Amino acid sequence: VSSLKGKDLLTLLDYTSEEVQDLIKLATQLKTITKAGRCPKLLEGKTLGMIFEKNSTRTRISFEVGMNQLGGKAMYMHSRDMQIGRGEPISDTGHVLSGYLDAIMIRANSHEMVKELAEHASIPVINGLTDIYHPCQALADLETIAENKGDFKGLKVAYVGDGNNVAHSLVVASAHVGMDIAVATPVGYEPDPEIIAKAQEIAKANGSIVTVTTDPVAAVKNADVVYADVWTSMGQEEESAKRLQDFKGYQINDALVAHAKSDYMFLHCLPAHREEEVSSSVIDGPNSYIFEQAENRLHAQKAVLVSLLA
Ligand code: CP
Ligand code: NVA
């Protein structure tokens, strides 16, 4: 996607619908040629720095493997080992890293911090999850849906659970490809209304709708895709007992998915808690695409890396 060279990826709200759709197509192309053993070394000599303030399995490994496959290198850094962990300003860190690296991928507690880093870095900054967004996840989610359902038009996604980072990015991503999305959360756990309003505008232009409800059955009704994330995100561990209570009735289980289309896809960004946000029967059942979805993190992020860096 040539128009993206040098750009940051902080949120898909900063991208046009066409750019998002092109990234998904490129992801599938890269997947096909990589599986045929012909991944082009488009990032030879390039280094991606990866900064983590939180744990990760998929994001860390898929970015590192993706850079390797494209002929480049990735460096893992935990923020506590860097001087930012001792209070060095983010702005100085952004300037300094721009002198060494070709891009930065960061998983951070605060989206504001990532924005500040991006303002001061002259190289692309890629959001690998913040408190508000998880755009790389949403790109892999779209890729998984496209590869199994063909077209996005006419599809409905149901997200049931916490109105969190994953929900926000999924809503924006769905709007960009003209898929209907319904989000069902308990009262007090709704997605950010400003993000929803922006997504609704994008969706309108693409002929789809974004709805928010407290009724999981209404959300899942006739859904083609049913999506879950954890009820307690990283950094919210102290609230987990309260959340377990508050999310009662929002588990995705056989009774709930009975309202979806019979060929619905179950998706979960992972890691998952079986028998909390989703029953084992659903997540380990025939309609679950979770491992294909996790693999697609690799392909979707390679599309991002190639588009921003090559
Ligand atoms: N889905 C996701 O981002 O997984 P990790 O936390 O393992 O990176
Ligand atoms: N909402 C979860 C997603 C993990 C990939 C979290 O932020 O912990």
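**Figure 1. The annotated region, residues 153-307.** Residues 153-307 carry the UniProt annotation "domain: Aspartate/ornithine carbamoyltransferase Asp/Orn-binding", taken from an unreviewed entry; UniProt positions follow the numbering used here, feature names are shortened, and annotations may be inferred rather than shown by experiment. The model is predicted: local features need pLDDT of at least 70, side-chain atom pairs count only at pLDDT 80 or more, and totals for chains, interfaces and linings use all residues. Residues are numbered from 1 along each chain as its sequence is written, and chains are lettered from A and ligands numbered from 1 in the order in which they are written. Over residues 153-307 the chain is 41% helix and 14% strand (DSSP runs numbered from the N terminus: helices H or I of at least four residues, strands E of at least two). The end C-alpha atoms of this region are 25 Å apart.

**Figure 2. The surroundings of ligand 1.** Ser56, Thr57, Arg58, Thr59, Leu129, Gln137, Cys269 and Leu270 surround ligand 1 (C-beta atom, placed from the backbone, within 6 Å of the molecule). By class, this shell has 3 nonpolar, 4 polar and 1 charged residues (nonpolar: Ala, Val, Leu, Ile, Met, Phe, Trp, Tyr, Cys and Pro; charged: Asp, Glu, Lys and Arg; polar: the others, Gly among them). Ligand 1 lies between domain 1 (2-133 + 296-309) and domain 2 (137-293), because both give residues to its shell; the domain bounds come from an automatic or database domain assignment.

**Figure 3. The surroundings of ligand 2.** The shell around ligand 2 consists of Leu129, Asn164, Asn165, Val166, Asp229, Val230, Ser233, Met234 and Cys269. It divides into 5 nonpolar, 3 polar and 1 charged residues.

**Figure 4. The buried side of helix H3.** In helix H3 (residues 90-98), Ile90, Thr93 and Leu97 are buried (20 or more other C-beta atoms, placed from the backbone, within 10 Å of the residue's own; exposed means 12 or fewer, partly exposed in between). These residues are on the same side of H3, because they cover an arc of only 55° around the axis, taken from the directions from the helix axis to the C-beta atoms. They pack against strand E1 (47-52), strand E3 (103-107) and helix H4 (111-120), with contact defined as C-beta atoms, placed from the backbone, within 7 Å.

**Figure 5. Backbone features in two loops.** Most residues other than glycine have a negative phi, and most peptide bonds are trans. The Leu270 to Pro271 peptide bond is cis, with omega near 0°; Pro271 lies in the loop between strand E9 (265-268) and helix H11 (280-283). Glu275, in the loop between E9 and H11, is not a glycine, yet has a positive phi of about 75°. Asn222, also not a glycine, has a positive phi of about 60° and is found in the loop between helix H8 (216-220) and strand E8 (225-228).

Terms used: Two residues are in contact if their C-beta atoms, placed from the backbone, lie within 7 Å.
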